[in-house]
Every structure is written in structure tokens, then in C-alpha cells.
Amino acid sequence: MPTTQSTTSQDVESLYFAGADVGASRTKVALIDTDGQMAGYCVKRSGTDFTATADRCLEAALTMAGIEKDRIRRTISTGYGRKNVTYAQDHRTEISCHGKGCFHYFPFAITIIDIGGQDNKIIKIDENGRRTAFKMNRKCAAGTGAFLEEMSPRLDIPLSDMNSLAAASTDMVKLGSFCTVFSATEVLENIRRGKRVEDIVKGLFFSVISRITEMDAFTEKVVMTGGVVAHNPYLVEMTQELINRPILVPDLPQFTGALGAALYAKETYAF
């Protein structure tokens, strides 16, 4: 809980705040100092024990920052498994934390496209950092990282190779279905027809983008975040072409939710 004890200026400089974003696919932890600067961070597969994974992420982030756990004054958790973080004093919704984290980098009216492992979100933030609207897709894998993970073995390629393969495409294969099951059938049919893997992968990327862009209209300034964006930057290039405007990407786009949670921890701490 927030402390009410007085704090000297020297003590304030040594304080840190943590945010833990426990997603269904990945867990992220971010540590910030009193200036809101990232001091340490870590991401790991969430696995089947969210509590243990959150603990390991915190330890790794502390090691990166070069500090001990007792230097953290407050922690807020977010994400699907936010209630599994035992060292958090409070928790916030992932929508709130993603908005907070993005507005930290881009303090003006924005539309956020967050592509996660199991869901995707569109969040609208006004010029004061207030959320004005959001939409989330969590009922279908289409448009998420899970969709690409499912297609990777179908094509017999590593997931990490998909970005470079899509970028090398010269004749994109458009897929007719957004459904993961039906898309898998289409992928196999295109392989049988002798289509190049590069062109099929670009078609898969286009399917992800199309699913998201149909969710809502965008404001002038658009930000893209999430692990899928972090590992597949070509998705950003393709989206820019589709919506005909530049797209902003924050540093460490996979950590905006964890950063937002850490910023809330700092904001609600009684100095």
C-alpha cells in the first residue's frame, strides 16, 4: 500500500516503480524511476503458472536495473493474469494501462492498435490522455499472434522467419477467410498450387491487418504496439500503406501495458 512517510530528495531519486502485464501468451515486467524512465524490463512466456512467471520476470528486470527488490515502492499489475501477481499492491485493466503507456510516448490524441498473442485492441485517447473509446477482439484468433503461430508450422517455417519472408514477397497471395481454421485450409491449397512461401506469408500478414482495420475507424495519429508488432515490423509498413498515413511505434512496443501499469504505480504513490 502507498506509504505516508515523508521522503527526502535523496530517497526520491532512489525510488522505483513496477508494472507487471500478465498476458495469456507473454508476461512483461517494466521498472521505472521517478522520472518515468525505463530502468529494467523482461518478457517471458506466461506458461501455466502465471505467478511464478511474474516472479521470474521481476527478478530479471531487477537484475537489468541493477537494484534490489526493496527499492521498488509500489507495483501495479494488468493483463489477463493480473490477479496472479502476488507482489502487486493493486491492478488496472489492460485497456487503461496500454493507453497510459502509449500516451507517455505520444502525448496527443491517438488511436492505438495493439496486436497481442491472444487478442487485439483498438483504443482511442484524446489530447488529455483520456480514453474515449475502445474495441477488443478476443473471441477469435484472427488478427492476433496466435493466428501467425498457428500458420507457422503449416508452412514448415520458424515463426521468427515470417517477417523477413513477408518483406521478400513479390506477388502476395490474398486469403479469402479471416477464420484460422479456414485460412489453414487455404494455405495448404496454395502450397499445393506451388505458390511461394513468401507470398503466402505476406497474405497472412495482410489478413491480420485487414481484420484489425475493419474493427474501427482511426484518428489522424495512429500508434501500433504489442509483441506481434515488436517481432514483425513489416506489419507496420503494410498497415501504413493500407491506411495511407504514417504509423508511430514506441520504444519497446511489447511493453506499453507494463509501462502504463508502472506509471500508474508511480502516480498513486504518496511521496
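**Aromatic pairs and helix packing**

Phenylalanine 106 is buried in this predicted model, with a relative accessible area of 12%. Phenylalanine 108, by contrast, is partly exposed, its relative accessible area being 33%. Ring pairs join Phe106 and Phe108, together with Tyr105, into a cluster.

Five aromatic pairs are found in the structure. In the pair formed by phenylalanine 50 and tyrosine 80, the ring centres are 6.1 Å apart and the planes stand at 75°, so that the arrangement is edge-to-face, the angle being over 60 degrees. Because phenylalanine 50 belongs to helix α2 (residues 50-65) and tyrosine 80 to the loop between β4 (72-78) and β5 (90-91), this pair ties together parts that are 30 residues apart in sequence. The two partners fall into separate accessibility classes: phenylalanine 50 is buried, with a relative accessible area of 16%, whereas tyrosine 80 is exposed, with a value of 60%. For phenylalanine 106 and phenylalanine 108, the ring centres lie 6.3 Å apart and the planes meet at 50°, and the pair is therefore tilted.

Attention then turns to the packing of helices. Methionine 151 is located in helix α4 (residues 145-155) and is buried, its relative accessible area being 0%. Although methionine 151 and valine 201 are 50 residues apart along the chain, their C-alpha atoms are separated by 8.7 Å. Helix α4 packs with helix α7 (residues 197-213) at an angle of about 165°, and the axes are 11 Å apart; the two helices are therefore roughly antiparallel to each other. The crossing in which α4 passes α7 is right-handed. On the α4 side the contact is made by Phe147, Leu148, Met151 and Leu155, and on the α7 side by Ile200, Val201, Leu204, Phe205, Ser207 and Val208. Of the residues in this contact, nine are nonpolar and one is polar, with no charged residue among them.

Helix α7 also packs with helix α9 (residues 234-243), here at an angle of about 55° and with the axes 10 Å apart, and these helices are therefore oblique to each other. The crossing of α7 past α9 is right-handed. Residues Lys202, Phe205, Phe206, Ile209 and Thr213 of α7 meet Tyr234, Leu235, Met238, Thr239, Leu242 and Ile243 of α9 in this contact, which comprises eight nonpolar, two polar and one charged residue.

Terms used:
Residues numbered from 1 in each chain as written. Predicted model: local features only at pLDDT ≥ 70, side-chain atom pairs only at ≥ 80, totals over all residues. Heavy atoms only, no water. Helix = DSSP H or I, 4+ residues; strand = E, 2+ residues; numbered from the N terminus. Buried < 20%, exposed > 50% of the residue type's maximum accessible area, 1.4 Å probe, protein only. Axes fitted to C-alpha atoms, helices over the stretch in contact; angles between N-to-C directions. Parallel < 35°, antiparallel > 145°, perpendicular 65-115°, else oblique. Left-handed = near helix turned anticlockwise from the far one by under 90°. Contact = heavy atoms within 4.5 Å. Nonpolar A, V, L, I, M, F, W, Y, C, P; charged D, E, K, R; others polar. Phe/Tyr/Trp six-rings, centres within 6.5 Å; stacked < 30°, edge-to-face > 60°.
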